[in-house]
Amino acid sequence: MSKTYVTTDRKGSVAVIRFDNPPVNALGQGLRLGIASALKEAETDANVRAVVLVGYGRCFSAGADITEFGKPIQSPNLHDLIGTIEASRKPVVAAIHGTTLGGGLELALACHARVAAKDARLGLPEIKLGILPGAGGTQRVPRLIGAEKALKMITSGDMMPAEDARTAGLVDEVTSGDPLDAAAVRAEHLAASGELPRARDKSVPGDKADLDKAAAALTGKGRVLRAVSACIEAIKAAIELPFDQGLKREYELFKELVESDESKAQRHVFFAERNAAKVADMPADTQAKPVASAAVVGAGTMGGGITMSFANAGIPVTLIETTDAALKRGLDTILANYKRSGRTPQAEIDRRMSLISPTLDIAKAAGADIAIEAVFEEMEIKKEIFAKLDRIAKPGAVLASNTSYLDINEIASQTKRPGEVLGMHFFSPANVMKLLEIVRGKATSQATLATAIAVGRKIGKVPVIVGVCDGFVGNRMLGQRLKATEQLLLEGALPHEIDAAATSFGFAMGPLAVSDLAGLDIGMRARRARGVRAAVADAITDAGRYGQKNGRGYYRYDEADKRKPIPDPEVEKIIVEASEKLGIKRRSIGQEEIIERLNYPMINEGAKILEEGIAQRPGDIDVIWVYGYGWPVWRGGPMHYADQVGLKKIRDWLAEQARKSGDASLNPAPVLDRLAREGRGFGLA
Ligand code: 3HC
């Protein structure tokens with residue numbers, strides 16, 4: 001039986017066309033066809049004077065169906081449909097609710113009026129997929145709200161609350177009632193007046209100089225992605241060209257972007273992000289347990305950030321420490337972090353702080369639905385805490401460790417409820433970073449897993465399920481990059497050269513600047529705990545250089561700008577001495593080689609992680625690197641990038657490096673070798 005995407009009913013003389021393509025009314029072929037034929041019927045029905053378009057379910061429409069990109073588009077395409085609406089001789093009014101995005105909003109903008117529910121949000125998020133609004137958004141939005149505001153909206157991809165959209169001129173009316181009722185009234189009025197207002201007939205208000213200034217601010221600093229420059233070009237076309245020519249230019253740019261590697265990478269990450277929290281063996285009827293309160297053990301940097309994430313989401317959280325001083329320090333840091341941005345109103349800061357209950361008594365975790373331990377990375381301390389939590393936590397509560405390396409199974413073994421134990425590995429700063437590695441232990445129950453995923457989403461994180469191993473997915477791969485960095489330094493590269501290669505690849509910061517930011521003493525302690533030596537890294541910390549925190553690390557930092565890394569001859573001396581001690585003859589190393597050496601061993605480790613089942617899918621690894629380690633989203637993550645480079649090239653490179661260096665860990669992972677031999681990739685690019 002074919003699916004019914006559209007139903008039409010009547011409200012007086014108004015035809016109400018409802019579309020239904022769950023979950024988000026993406027404007028795929030079936031829905032487009034359904035709307036087009038319903039419009040045709042309404043146009044020919046003498047009893048219909050006007051039309052209202054409305055979406056079933058949670059939103060009006062989230063836009064074009066992204067899965068159709070790159071495939072031949074069947075008729076009617078979105079342009080044809082939008083053209084039909086705009087050309088209608090009977091007024092068409094959009095009744096907007098929920099999130100109305102991309103092509104969904106563009107369709108509404110072609111209507112003769114728009115009525116939005118009070119809690120609706122509108123946006124053009126195409127930039128986040130590496131494209132521009134390609135169904136008239138870059139031409140109609142500037143005509144409705146001015147070119148400068150349009151530029152901001154389109155290049156940020158941010159959503160606008162309904163009331164702001166009304167003030168700006170994007171919608172005509174906001175209602176606290178059902179937008180369908182208000183839209184029907186408006187449609188009747190329009191029919192009675194004989195008016196058919198169309199965005200295309202307006203000229204773009206405002207001064208082009210303001211647009212040029214805003215565009216220059218966007219392109220003036222650093223790398224400018226093609227999608228951003230294309231948005232600017234399209235909005236300029238809205239000012240300079242007649243509407244239809246502007247539309248044509250927009251479509252040319254849209255097509256160019258859709259076919260670009262950058263957009264393919266961003267679309268891959270969009271779907272990978274949504275897949276990452278799906279657990280292959282989880283029965284569909286698994287229920288997450290409700291989480292109305294949380295407890296965090298440890299008020300240090302991580303514990304504080306996790307506490308903020310819960311408070312930000314409106315979840316009361318008990319913050320537990322062992323001394324007054326540590327508790328006070330933790331709370332002071334939380335408050336300072338809230339104040340730092342300067343964007344959170346004081347009343348909101350007060351509200352969030354009031355959700356945090358500080359205590360020195362771990363027994364206060366008894367009422368929490370979830371308890372997260374965030375203390376030092378020491379197994380014995382963690383075991384002790386879990387044994388205590390086991391005694392006091394209420395039955396069914398989730399017990400999570402924020403460990404970044406340690407064995408969750410060993411931690412769980414300290415409790416009589418290992419099914420309720422798992423890892424929730426946050427990334428620093430935990431109130432900002434979106435990645436959440438959810439570490440599934442061998443006994444973790446499905447309900448515990450589902451609860452951690454749900455709560456992760458609720459506090460604004462991107463959850464990815466991983467298995468137990470040293471460092472899980474992200475840090476285990478990072479270990480390979482750190483090793484490569486150390487070797488590059490020994491063989492001839494300097495910190496600023498390695499970092500320049502990484503930033504030219506697209507990272508916001510290079511690996512050494514990142515180490516300085518994180519604090520070099522942390523890495524030093526981790527190496528010592530494992531009995532690992534690193535000639536350069538050890539020599540740097542032995543010289544008392546701990547990174548930004550004391551103004552000296554792989555770089556030096558000035559009082560004038562404590563965050564700006566400045567190459568330091570003293571560091572060069574330390575590095576050269578380390579090379580000499582090991583008898584390594586230094587040479588100049590080019591950017592291409594640096595990038596290969598930073599990335600390929602990590603990709604190999606990713607392949608091993610897949611083989612061992614630590615990650616469920618290659619896309620999960622990409623999500624981890626994009627959201628936790630600053631991998632440029634337009635390069636799609638390491639595994640997507642590997643597919644773009646070609647696994648054969650990477651396999652041959654690894655084999656050669658393993659042979660030359662004698663480092664067996666560089667031997668290509670069997671799965672990588674097999675895929676390369678078969679001429680395949682991870683199936684991502
Ligand atoms: N096309 C295809 N599938 C889509 C989709 C879209 N535009 N938007 C969402 N989906 C799918 C998701 O992949 C997911 O599928 P799954 O259940 O199989 O994993 C499902 O819908 C639900 O999505 P979320 O899990 O993201 O649901 P949320 O409630 O958390 O978020 C949302 C809803 C805010 C609408 C979010 O899905 C979103 O941001 N979607 C993308 C919106 C977008 O980018 N629109 C522009 C599209 S491009 C365009 O319109 C081009 C035009 O200019 C020509």
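**View A. A nonpolar patch built by Met509, Val514 and Leu517.** In this predicted model, these three residues make a nonpolar surface patch of about 210 Å². Val514 has its place in helix 20, which spans residues 511–518. With a relative accessible area of 33%, Val514 counts as partly exposed.

**View B. Phe270 and Phe271, an edge-to-face pair.** The model has 12 aromatic pairs. Here's one of them: the ring centres of Phe270 and Phe271 are 5.0 Å apart and the planes sit at 85°, so we call this pair edge-to-face. The cut-off behind that label is planes over 60 degrees apart. As for cover, Phe270 is partly exposed at 25% relative accessibility, and Phe271 is partly exposed too, at 32%.

**View C. Trp625 and Tyr629, a stacked pair.** Now for another geometry: the planes of Trp625 and Tyr629 are at 20° and the ring centres 4.3 Å apart, so this pair is stacked.

View D. Ring pairs tie Phe505, Phe507, Trp631 and Tyr641 together into a cluster. Which residue puts its charged end over the ring of Phe507? That's Arg481, 5.2 Å from the ring centre. Over at Phe505, Arg635 lies over the ring face, at 4.0 Å from the centre.

Definitions and conventions: Residues are numbered from 1 along each chain as its sequence is written. This is a predicted model: local features need pLDDT of at least 70, side-chain atom pairs count only at pLDDT 80 or more; totals for chains, interfaces and linings use all residues. Side-chain values use heavy atoms; hydrogens and water are left out. Patches are made of residues with over 30% relative accessible area and no salt bridge: like charges are joined within 9 Å, nonpolar side chains (Val, Leu, Ile, Met, Phe, Trp, Tyr) within 5 Å. Accessible areas come from the Shrake-Rupley method with a 1.4 Å probe; for residues, only the protein chains shown count as cover. A salt bridge is a side-chain nitrogen of Lys or Arg within 4 Å of a carboxyl oxygen of Asp or Glu. Helices (H or I, at least four residues) and strands (E, at least two) are DSSP runs, numbered from the N terminus. Buried means under 20% relative accessible area, exposed over 50%, partly exposed in between (1.4 Å probe, protein chains only). Rings of Phe, Tyr and Trp (its six-membered ring) pair if their centres lie within 6.5 Å; planes under 30 degrees apart count as stacked, over 60 as edge-to-face and the rest as tilted. A charge sits over a ring if NZ of Lys or CZ of Arg is within 6 Å of the ring centre and within 35 degrees of the ring normal.
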